[in-house]
Amino acid sequence: MIEFLREEHVDEKIIQGIEDYRRQFPAPSGTPGRKPRYIYYGREVWEQAAQALLCGENLLLAGSKATGKNVLAENLAALFGRPSYNVSFHINMDASYMIGTDTFQNGEVVFRPGPVYDCAKLGGFCILDEINMARNEALAVLHSVLDFRRVINVPGYETIPVHRAARFIATMNYGYAGTRELNEALSSRFMVIHMPEMTRENLEKLLTREFPDMKKEYVQQFSGLFTDIQKKCQSGELTAKVLDLRGLLDAIRLIQNGLAPYLALDMGITNKTFDSYEQSLVKDIITSRISKKSGRDAIFC
Ligand SMILES: Nc1ncnc2c1ncn2[C@@H]1O[C@H](COP(=O)(O)OP(=O)(O)OP(=O)(O)O)[C@@H](O)[C@H]1O
Ligand SMILES: [Mg+2]
């Protein structure tokens with residue numbers, strides 16, 4: 001991953017900082033690092049995120065769907081050489097799930113640690129996924145973990161210090177129906193990155209890496225297709241429902257497996273909206289980029 005950052009021209013001082021951090025905190029034994037499935041593209045975001053983590057800050061990655069929040073969070077854990085712990089938030093999340101709770105084992109009461117506790121103890125990277133889905137009151141137990149105190153208060157037990165290598169990376173969706181706000185006391189404990197939209201250049205890199213046998217002209221057409229949709233969303237002609245990078249990648253995978261491109265793109269992109277006028281606009285964009293005649297063999301070598 002360090003090599004990748006160099007190729008992306010990430011500031012060398014930051015890269016050296018990460019190397020120093022890794023020397024200072026060697027990966028704990030018994031926690032093998034997983035190789036991330038995707039690599040995050042976006043130099044500025046890499047610099048912001050890595051610098052904040054080097055300075056001991058926690059990160060909040062805010063953005064709309066499929067902007068790479070989880071990809072970046074997992075990449076950061078791998079880059080810093082730390083085990084990652086994932087906590088998926090939901091409305092019923094409570095302190096006992098995050099921190100731990102008493103439980104019976106062989107007739108005795110023992111403490112069963114939760115992921116935030118384990119992460120804090122081992123110096124992992126804790127991914128607080130969709131943090132705004134939890135009730136704000138439930139998140140209050142994280143306050144002392146996330147601010148200068150860096151301690152976990154476990155009721156009935158001693159206070160546990162958070163390991164110096166531990167970091168917390170939260171993700172949140174916003175901007176469409178059903179998304180919630182985060183309270184200010186919590187957001188003030190994070191450095192916040194608003195995840196930018198994928199650029200055409202980065203999408204070309206992503207497609208080339210993900211689909212090495214895709215012909216170059218189609219790498220350009222699929223990237224162009226996505227940026228066409230982006231532009232129409234910015235101008236208000238389309239809604240963000242059809243701006244779905246995850247859907248585009250899934251559709252290309254189906255095409256690679258032999259499904260006709262327009263059928264795959266309908267499932268991955270067009271049908272994400274239920275408005276027939278919007279669907280027809282998206283279909284027009286698709287046919288202007290990918291001919292109905294081109295099948296798998298035209299697109300892949
Ligand atoms: N900048 C990026 N670099 C690399 N991949 C990206 C980027 N942005 C989005 N993606 C791709 O989009 C897909 C979704 O990424 P991810 O799951 O991290 O999104 P997310 O922001 O967590 O979305 P959601 O809010 O829906 O959970 C992945 O396939 C990922 O590779
Ligand atoms: Mg996500």
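**View 1. Glu130 in its loop.** Look for Glu130 in the loop that joins β5 (125–129) to α7 (143–146); helices (H or I, at least four residues) and strands (E, at least two) are DSSP runs numbered from the N terminus. The model is predicted, so local features need pLDDT of at least 70 and side-chain atom pairs pLDDT 80 or more, while totals for chains, interfaces and linings use all residues. Residues count from 1 along each chain as written, chains are lettered from A and ligands numbered from 1 in written order, and side-chain values use heavy atoms, without hydrogens or water. Glu130 is not a glycine, yet its phi is positive, about 55 degrees. Most residues other than glycine have a negative phi.

**View 2. Ala66, between β1 and α4.** Here the loop runs between β1 (59–62) and α4, and Ala66 is part of it. Ala66 also has a positive phi of about 55 degrees, although it is not a glycine.

**View 3. Polar atoms facing ligand 1.** A backbone N or O atom of Val71 comes to 2.8 Å from a ligand 1 oxygen, inside the limit for a polar contact (N or O atoms within 3.5 Å). Asn173 brings a polar side-chain atom to 2.9 Å from an oxygen of ligand 1. For Arg246, too, a polar side-chain atom lies 2.9 Å from a ligand 1 oxygen. On its own, ligand 1 has 630 Å² of accessible area (Shrake-Rupley, 1.4 Å probe), and the protein covers 91% of it.

**View 4. The shell around ligand 1.** Of 18 residues around ligand 1 (a heavy atom within 4 Å), Tyr41, Lys69, Asn70, Val71 and Asn173 come nearest. The elements giving two or more residues to this shell are α4 (69–79) and α11 (245–256). Domain 1 (2–194) and domain 2 (200–299) each supply at least three residues, with bounds from an automatic or database domain assignment.

Definitions and conventions:
Polar contact = N/O pair within 3.5 Å; in protein donor to acceptor, adjacent residues only side chain to side chain.
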